[in-house]
Amino acid sequence: MKILVPVKRVVDSNIKPLVKSDNSGVEVGGVKMSMNPFDETAVEEAVRLKEQKIVSEVVVISIGEAKSQDTLRTAMAMGADRGVLVTSEDALESLSVAKILQHFVTKEQPDIVLMGKQASDDDMNATGQILAAKLGWAQGTFVSKLELSEGKAQITREIDDGQEILELVLPAVITTDLRLNEPRFASLPNIMKAKKKPIETVALADLGIDTAVRLEVKSVAESSSVREGVIVSSVEELMDKLQNEAKVI
Amino acid sequence: MAVLVLLSYEKGDKIRPISRSAIAAATQLDTEVHALLVGENLEILSQKASQLNGVQKLLVAEHSAYAHMPAEPVANLIASIAESYEFIIAPANAEGKDILPRLAGLLDVQPISDVVEIIDTSTFVRPIYAGSILATVASKDAKKLLSVRGTTFEAVAETGGSAVVEKIENLPLSEKQLSIFKELKLSQSDRPELEGARVVVSGGRGMQSAENFVLLEKIADQLEGAIGASRAAVDAGFVSNDFQVGQTGKIVAPELYIAVAISGAIQHLAGMKDSKIVVSINKDPEAPMFKVSDYGIVGDLFEILPQLEAALKAR
């Protein structure tokens with residue numbers, strides 16, 4: 001069985017993103033970038049399946065500027081076998097990314113595309129579902145448990161009021177919830193080894209895929225959550241504030 | 001051209017409040033609002049849905065293949081009637097987020113997730129970066145597919161409407177079933193639904209154990225509130241995942257949010273920052289949660305919570 005894992009290079013999710021002074025976008029220059037945490041979960045799961053000998057090959061793919069190569073190297077240091085880098089200077093939206101992935105799914109013929117349920121930057125939560133539709137494949141979204149058998153995947157999905165267990169007919173697109181696993185840290189020897197693993201680089205422009213922007217970002221603004229809070233010294237004081245000042249109880 | 005709203009409902013024939021928020025968003029588009037009910041055994045739900053305020057027409061698609069709303073056939077169904085609609089709206093919950101982007105793939109449209117504000121018929125506001133930034137986006141697609149956040153659109157009334165009910169007859173069902181439903185594991189709770197609760201009492205890693213959540217339940221009992229949790233508390237196994245508030249969990253905006261032993265990571269704030277009043281109880285005076293709280297108490301939760309419970313009881 002072969003798994004394709006798309007990974008995205010994003011602003012590190014521990015960093016507070018800053019809005020550019022002209023409000024045109026988010027400042028990414030000089031900011032620490034990392035693999036989207038949801039994608040790390042997907043890479044980890046694919047590697048575990050390989051270690052259990054259920055999967056024979058894990059291919060990682062990233063689309064973006066040349067530095068996305070670092071993200072592929074991280075995935076390979078975690079245990080992925082090889083990488084595909086699709087270079088593009090433009091910010092791409094989920095529909096375009098799904099179309100590019102569709103191209104490589106057709107080429108690579110994986111049994112499963114395993115990917116994060118959303119990217120921590122655009123929070124769109126759409127690429128996997130769009131890809132599944134384009135391929136006419138089953139989809140398993142927000143998956144917290146994955147068991148593979150011949151031609152089938154049994155998944156546990158996180159839903160509004162609990163969990164749902166489904167059986168998917170393979171091939172399928174599966175998107176991961178953070179609860180699926182705890183991603184490993186790549187060891188130094190594995191980081192060194194990953195440097196020798198192959199990356200195939202393709203320019204998006206050479207693929208002839210329509211990636212015209214459908215959803216234009218007009219402006220961005222900070223959404224402040226800071227409040228002029230007061231620290232009270234006792235439960236009595238808190239009760240007084242909630243009853244007489246805030247009037248919520 | 002009209003707007004179609006996909007309805008989401010719970011077991012026990014209850015239309016979710018977030019569906020009513022989705023209708024509220026749809027009414028802002030100044031066009032006819034149609035609601036779509038998909039599933040099996042929809043008699044009671046149809047009756048309820050036809051009374052939702054603001055809905056002019058209710059479409060009902062009933063078939064055993066639609067039980068538990070599987071994304072593949074439901075997206076195909078909506079695609080088959082999409083021609084009549086300029087806008088298709090789904091609630092930004094587990095179902096809407098599963099189905100709407102698949103529909104977008106079928107229709108070759110870029111979906112717009114988690115809309116919190118409708119500026120005009122092609123311009124919308126949505127949060128990015130765990131809600132720390134709001135982006136204003138303009139869609140160039142002829143058809144707009146939106147999922148809407150429940151907390152920012154005030155739900156329409158459950159009654160007052162009188163929609164024309166129309167059964168969809170030509171269901172585009174294929175023989176090949178891509179996903180097969182196996183089992184539903186619902187979390188049992190007598191408390192109000194987290195997303196619609198007036199009061200939410202949430203615990204973090206500092207609660208130390210699942211047993212200690214009883215302390216929060218006692219507070220919630222006094223306030224008829226729901227229980228929430230940070231991801232750290234869920235990961236530590238204190239409560240199940242559907243209690244999680246945050247970027248990857250539920251988005252809540254209650255009148256009162258009480259955060260107990262929650263440090264205040266941006267991923268958590270993403271889920272509760274629009275609460276009206278936020279109270280934080282934490283022993284660490286440097287906890288970032290205090291900066292986003294209206295009232296804070298620095299101290300040991302094991303001392304404070306019983307005191308708070310007693311004070312609430314004595315009200």
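The structure is a predicted model, in which local features need pLDDT of at least 70 and side-chain atom pairs count only at pLDDT 80 or more, while totals for chains, interfaces and linings use all residues. Residues are numbered from 1 along each chain as its sequence is written, chains are lettered from A and ligands numbered from 1 in the order in which they are written, and side-chain values use heavy atoms, with hydrogens and water left out.

Chain B divides into domain 1, residues 2-167, and domain 2, residues 194-313, and the C-alpha centres of these two domains lie 30 Å apart. Five residues of domain 1 and nine residues of domain 2 take part in the contact between them, where contact means heavy atoms within 4.5 Å. Between them the two domains of chain B bury about 670 Å², 59% of it on carbon and sulfur atoms; buried area is the accessible area (1.4 Å probe) that two parts lose on being put together, summed over both. On the domain 1 side, Ala130(B), Arg149(B) and Thr151(B) lose the most area to domain 2, together 68% of what that side buries.

An unreviewed UniProt entry annotates residues 3-185 of chain B as "domain: Electron transfer flavoprotein alpha/beta-subunit N-terminal"; UniProt positions are given in the numbering used here, feature names are shortened, and annotations may be inferred rather than shown by experiment. Helix α1 of chain B, residues 17-27, is mostly covered, with ten of its eleven residues buried, where buried means under 20% relative accessible area, exposed over 50%, and partly exposed in between (1.4 Å probe, protein chains only). The buried residues of this helix, among them Ile18(B) and Ile23(B), pack against strands of chain B that include β1 (2-6), β4 (33-39) and β11 (144-148).

Ile18(B) is also one of the residues in contact with Asn93(B), leaving aside neighbours within four places in sequence. Asn93(B) sits in the loop between β6 (85-91) and α4 (94-107) of chain B and is buried, with a relative accessible area of 3%. Its side chain makes polar contacts with the side chains of Asp160(A) (2.9 Å) and Ser8(B) (3.0 Å), a polar contact being a pair of N or O atoms within 3.5 Å, of which, within protein, one must be able to donate a hydrogen and the other to accept it, and residues adjacent in sequence count only if both atoms are side-chain atoms.

For "binding site", the unreviewed UniProt entry lists residues of chain B that include Arg205(B), Ser230(B), Gln244(B), Gln247(B) and Asn282(B). The listed residues span 78 residues in sequence, and the farthest two C-alpha atoms are 23.1 Å apart, so they do not all gather at one spot. Is Arg205(B), one of those listed, buried or exposed? At 55% relative accessibility, Arg205(B) counts as exposed, and its place is in the loop between β14 (199-203) and α5 (213-223) of chain B. Gln244(B), in the loop between α6 (231-235) and β16 (256-260) of chain B, counts as buried at 2% relative accessibility, and a polar contact of 2.4 Å joins its side chain to that of Arg179(A).

How values were computed: Helices (H or I, at least four residues) and strands (E, at least two) are DSSP runs, numbered from the N terminus. Domain bounds come from an automatic or database domain assignment.
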